[in-house]
Amino acid sequence: MTKCMICGEPTNTIYDEQLGVTFYHCDYCEFIHQDPTSHVNQVKEKEQYDHHQNSFENQGYVDYLQNFLDEYVLPLEKEGIALDFGSGPGPVLFELMKHHFHEVRHYDPYYHPDEGYKEETFDVITSTEVVEHFADPLKEFHHLKNLLKKDGYLVVMTSFRTMDISAFLSWWYRRDTTHISFYHMKTFEEIVQRVGLKIIKHNQKNVIILKRA
Ligand SMILES: [Zn+2]
């Protein structure tokens, strides 16, 4: 029996015939995690990221992140120091945030593995399209919480699982096999309790704003 990585309850095993991958689904917090034995290795993972068209040459992507900033980050009215955690191959959001914060840092395990950010605390941390790659979400969310200033915000973008399990098995988002952790709103409710955060706002779709509890 595999226990849920978030809440510790027993999970249901789901075999995805299309992908040939096993997922574990928790009935209690609705978290879904890909079986660790099918997690892609780091070389393959990086290859996958290298193919993402995430740079300033992709205007659609730049606009997408600018909208994210305008809609979710700037209304927080913070201007001190920000961190983009998991900034990817072309650190677009990091560059965009420089227009709005006095100081901005970024970290990416593959493209900018400078761990200097660990020595600081932040008014705002953004993490877009990152948490679905977490192999140990509770540990990572705990880490991010500890990097927040007392009234700092953590703004997360990931596609929430809003559909049932049968629809999950045809969801495009799971087809990227580097996506290993899938969050339902109930999952976030469980995570914040365990990690010491609270939910400030979400859009029911792909953005959630958290704050230290
Ligand atoms: Zn659970």
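Two strands count as paired if DSSP finds at least two bridges between them, and helices (H or I, at least four residues) and strands (E, at least two) are DSSP runs numbered from the N terminus. By that reading, strand 1 and strand 2 (residues 21–26) run antiparallel and are joined by 6 bridges. What you're looking at is a predicted model, where local features need pLDDT of at least 70, side-chain atom pairs count only at pLDDT 80 or more, and totals for chains, interfaces and linings use all residues. Residues are numbered from 1 along each chain as its sequence is written, and side-chain values use heavy atoms, with hydrogens and water left out.

**The zinc site**

- Four cysteines hold the zinc ion through their SG atoms at 2.3 Å: Cys4, Cys7, Cys26 and Cys29. Donors here are N, O and S atoms within 2.8 Å of the metal (3.2 Å for Na, K and Ca); water is not among the atoms, so sites may look incomplete.
- Along the sequence, the donor residues follow the spacing C-x2-C-x18-C-x2-C. Distant parts of the chain get linked this way, with cysteine 7 in the segment before strand 1 and cysteine 26 in strand 2, 19 residues apart.
- The 4 donor atoms subtend angles of 98 to 121° around the zinc ion, so the arrangement is tetrahedral. For reference, the ideal angle for four tetrahedral donors is 109.5 degrees.
- Cysteine 7 counts as buried at 10% relative accessibility, and cysteine 26 does too, at 0%. Buried means under 20% relative accessible area, exposed means over 50%, and partly exposed is in between (1.4 Å probe, protein chains only).

- Threonine 13 has tyrosine 24 in strand 2 as its bridge partner.
- Aspartate 16 sits in strand 1 and is buried, with a relative accessible area of 1%. Its side chain reaches the backbone nitrogen of leucine 19 at 3.1 Å. That is a polar contact: a pair of N or O atoms within 3.5 Å, where, within protein, one must be able to donate a hydrogen and the other to accept it, and residues adjacent in sequence count only if both atoms are side-chain atoms.
- Leaving aside neighbours within four places in sequence, aspartate 16 is in contact (heavy atoms within 4.5 Å) with Val21, Phe23, Leu169 and Arg174.

**Threonine 187 and its surroundings**

- Threonine 187 lies in helix 6 and is buried, with a relative accessible area of 0%.
- Not counting residues up to four places away in sequence, threonine 187 touches Ile6, Cys29, Glu30 and Phe31. A polar atom of its side chain lies 2.7 Å from the backbone oxygen of cysteine 29.
- Glutamate 30 is in the loop between strand 2 and strand 3 (32–34). Its phi is near 65°, a positive value in a residue other than glycine.
- Glutamine 204 also has phi near 65°. It belongs to the loop between strand 9 (197–202) and strand 10 and is exposed, with a relative accessible area of 61%.

**The nonpolar cores**

- A nonpolar core is a set of buried Ala, Val, Leu, Ile, Met, Phe, Trp, Tyr and Cys residues joined through side-chain atoms within 4.5 Å. The largest one has 32 residues, and those with the most contacts inside it are Leu83, Phe85, Ile125, Phe134, Phe141, Leu154 and Tyr183.
- Elements giving two or more residues to this core include strand 4 (81–85), strand 6 (122–128) and strand 7 (148–157). Helix 6 gives the most, with 5 residues.
- Phenylalanine 85 touches residues including Tyr107, Ile125, Phe134 and Leu144, not counting residues up to four places away in sequence. Apart from this core lies another, of 22 residues, among them Phe68, Leu76, Ala82 and Phe101.

**Strand 6 and its partners**

- Strand 6 is largely enclosed by the rest of the structure, because 7 of its 7 residues are buried.
- Strand 6 pairs in the parallel sense with strand 4 over 3 bridges, and with strand 7 over 6 bridges, also parallel.
- Leucine 83 has isoleucine 125 in strand 6 as its bridge partner, while threonine 126 stands opposite valine 155 in strand 7.

Notes:
Four donors count as tetrahedral if all angles lie between 85 and 135 degrees; four count as square planar and six as octahedral if opposite donors are over 155 degrees apart and all others between 65 and 115; anything else is irregular.
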